Amino acid sequence: MSGGRAARGALSAREKAYRMVDETARINMHELKDNPGARVEGRLIRKATNQAGHTQGALERAAKPPLGWIWGDFYRPWHRMFPGERKFNSDIQIRRPLIPISLIEICRLVDLGYLDSSKLIDLPTLMGTRKLQLRDEVGIMLTSEGCSSLSIPLHLEVQATDQETIGAIEREGGTIRVSYYDAISLKCVANPVGWMNSGEPIPSRRTPPLSLFDSFTDPVKRGYLAPQEEIEKERRKLALLLGYEYKEEKKVGEKRINQVFEGIPAGSIVNLKEKKVFTPTDSEKELYEAEMSVLQ
């Protein structure tokens with residue numbers, strides 16, 4: 001007995017490992033375990049620096065947090081850290097980005113011949129000048145730069161503006177409406193040639209969601225869903241407030257609230273090669289499009 005124990009004790013570490021492999025069954029993934037005393041917890045990352053052992057080059061090429069987050073503290077954006085301003089930038093993640101364009105830029109495009117001031121200037125018209133491009137934006141924000149020098153009547157349809165700009169446009173006898181474009185309509189407006197060549201029908205422009213419905217039905221903001229009588233009352237009030245002569249609104253074009261392009265009904269198929277527009281003639285189809293534009 002003592003000789004056998006002495007023989008087993010004299011085995012080298014390599015022989016012990018070979019014998020252990022021979023005597024044990026096939027190793028499976030669920031049988032793997034860490035060695036006793038091994039460090040199994042994740043490495044401690046300090047929130048103040050959040051460098052985690054990376055080099056400076058790796059940090060420069062790494063993905064950066066969204067705008068507003070302090071470097072090293074991804075879990076507390078700066079606009080939520082300061083007390084007293086509970087709703088300051090609280091909608092930064094759901095804000096609808098807009099392309100800013102001023103009245104002086106609109107007049108410049110008219111002078112250069114890209115736009116016709118006697119016709120409706122809406123989002124598809126501005127995209128057709130190829131001076132603007134939709135990426136993640138959802139429309140046009142008309143700014144007040146050039147209000148004092150405006151001398152021609154303009155008929156505009158934008159997605160956001162202010163009272164000073166509205167007063168400058170209506171002072172010269174122009175019109176303005178603030179309208180909404182849904183995601184599918186924006187996709188069609190961003191690349192109308194590709195959309196029409198694909199054979200897809202022109203989509204019906206949906207009504208705004210409930211969170212934006214009040215903004216587009218407000219006659220003060222010239223919402224396109226507001227009643228015409230209420231808009232006329234607000235036009236008179238603004239003329240009296242800003243001190244200019246009231247001029248009756250001149251109707252330009254007949255663009256419905258569910259139309260993406262002026263003169264092309266929703267559901268139409270456009271053949272660019274033959275320059276033909278195939279419009280739906282079924283009354284049930286028109287009724288369906290009208291109901292869908294209200295329900296959405």
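Okay, let's start on helix H10, where Glu234 and Lys237 both sit, three residues apart, about one turn of the helix. By helix I mean a DSSP run of H or I with at least four residues, and by strand a run of E with at least two, numbered from the N terminus. Glu234 and Lys237 form a salt bridge, with their closest N and O atoms 3.8 Å apart. The cut-off for a salt bridge is a side-chain nitrogen of Lys or Arg within 4 Å of a carboxyl oxygen of Asp or Glu.

Before I go on, the ground rules. This is a predicted model, so local features need pLDDT of at least 70 and side-chain atom pairs count only at pLDDT 80 or more, while totals for chains, interfaces and linings use all residues. Residues are numbered from 1 along each chain as its sequence is written, and side-chain values use heavy atoms, with hydrogens and water left out.

Back to that pair: which end is buried and which is exposed? Glu234 counts as buried because its relative accessible area is 16%, whereas Lys237 is exposed at 54%. The thresholds are under 20% relative accessible area for buried, over 50% for exposed, and partly exposed in between, using a 1.4 Å probe and protein chains only.

There's another pair in H10, Arg235 and Glu232, again three residues apart, about one turn of the helix. Their side chains meet in a salt bridge at 4.0 Å, N to O. Arg235 is buried, because its relative accessibility is 1%, and Glu232 is buried too, at 19%. This pair belongs to a network of salt bridges that links Glu170, Arg177, Arg222, Glu232, Arg235 and Glu249.

Now the whole of H10. The helix has 15 residues and reaches 21 Å from first C-alpha to last, close to the 21 Å expected at 1.5 Å a residue; the expected span is 1.5 Å times one less than the number of residues. Its buried residues are Ile231, Glu232, Glu234, Arg235, Leu238 and Ala239. Those residues are on the same side of H10 because they cover an arc of only 165 degrees around the axis, where the arc is that of the directions from the helix axis to the C-beta atoms. On the face turned away from that side you find the exposed residues Glu229, Arg236, Lys237, Leu240 and Leu241. What do the buried residues of H10 pack against? They pack against H6 and S6, with contact taken as heavy atoms within 4.5 Å. After the helix comes Gly243, with a positive phi near 80 degrees.

So, over to H6, residues 163-171, where the buried residues are Thr165, Ile166, Gly167, Ala168, Ile169 and Glu170. Their cover includes helix H4 (103-111), strands S4 (140-143), S5 (155-158) and S6 (175-178), and helix H10 (228-242). Gly173 follows H6 and has a positive phi, near 90 degrees.

S5 and S6 run parallel and are joined by four bridges; for two strands to pair, DSSP has to find at least two bridges between them. Glu157 stands opposite Arg177 in S6. The chain goes from S5 through H6 to S6 in a right-handed β-α-β crossover, meaning that with the strands pointing away from the viewer, the path from the first strand over the helix to the second runs clockwise. In S6, Thr175 and Arg177 point one way, Ile176 and Val178 point the other, and all are buried.

Glu157 has a salt bridge too, with Lys255, at 3.0 Å, N to O. That pair links distant parts of the chain, 98 residues apart, with Lys255 in the loop between H10 and strand S7 (269-271) and Glu157 in S5. Both Lys255 and Glu157 are buried. Over the whole structure, the search finds 11 salt bridges.

Last stop, H4. Its buried residues are Leu103, Ile106, Cys107, Leu109 and Val110. They fall within an arc of 160 degrees seen down the axis, so they line one face of H4. Arg108 and Asp111 are the exposed residues on the face turned away.

Setting aside neighbours within four places in sequence, Leu150 contacts Leu103, Cys107, Ala168, Ile169, Arg171 and Glu172. Leu150 is buried, with a relative accessible area of 4%.
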